[in-house]
Amino acid sequence: MEKVYSPADAQRNLQSLLQEVKDGKAVRIEDQTTDAILVSEQQWAAVQKQLAAAAQHQTVQQREDLYKAWRWL
């Protein structure tokens, strides 16, 4: 993300921003109260997949830790 766009700039340049996203780049839009990142559907799916895998790993790790603690009681 080389450039940060204001919401007004993003509206004016929507077609070019969509092309950037299509080319695999993420686009940052920010104003005084809210920041947003515009990514492709494929990039979003990849992020969601990583988050789900991390959550699953954390659950497995918590179960293993609980089992280890239980064994030593």
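Six residues, Tyr5, Ala10, Leu17, Val21, Val27 and Ile29, make up the largest nonpolar core of this chain, where a nonpolar core is a set of buried Ala, Val, Leu, Ile, Met, Phe, Trp, Tyr and Cys residues joined through side-chain atoms within 4.5 Å. The elements that give two or more residues to this core are helix H2 (14–22) and strand E2 (27–30); helices (H or I, at least four residues) and strands (E, at least two) are DSSP runs, numbered from the N terminus.

The model is a predicted one, in which local features need pLDDT of at least 70 and side-chain atom pairs count only at pLDDT 80 or more, while totals for chains, interfaces and linings use all residues. Residues are numbered from 1 along each chain as its sequence is written, and side-chain values use heavy atoms, with hydrogens and water left out.

Seen as a whole, the chain has three helices and three strands, which follow the pattern β-α-α-β-β-α when read along the sequence. Its C-alpha trace spans about 65 × 25 × 15 Å along the principal axes. The radius of gyration, taken over C-alpha atoms, is 20 Å for the chain, whereas a compact globule of 73 residues would have a value near 11 Å, by the rule of 2.2 Å times the number of residues to the power 0.38. Of the 73 residues, 10% count as buried, a word that here means under 20% relative accessible area, with exposed meaning over 50% and partly exposed in between (1.4 Å probe, protein chains only).

Leaving out residues up to four places away in sequence, Val21 touches Val27, Leu38, Val39 and Ser40, a contact being heavy atoms within 4.5 Å. Thr33, by comparison, is twelve residues from Val21 in sequence, and the C-alpha atoms of the two are 23 Å apart in space.

With a relative accessible area of 26%, Ser6 is partly exposed. Ser6 and Gln32 are 26 residues apart in sequence, yet their C-alpha atoms are 9.4 Å apart in space.

Helix H3 covers residues 41–71, and Gln43 has its place there. The relative accessible area of Gln43 is 24%, and therefore Gln43 is classed as partly exposed. When residues up to four places away in sequence are not counted, Gln43 touches Gly24 and Lys25, and its C-alpha atom is separated by 8.8 Å from that of Ala26, which is 17 residues away along the chain. Ala45 is also found in helix H3, and this residue is partly exposed, with a relative accessible area of 44%. From Ala45 to Asp65 there are 20 residues in sequence and 30 Å in space, C-alpha to C-alpha.

Returning to the chain as a whole, 27% of the contacts between residues at least 6 apart in sequence join residues at least 24 apart. The chain exposes about 6500 Å², of which carbon and sulfur atoms supply 54%, the areas coming from the Shrake-Rupley method with a 1.4 Å probe.
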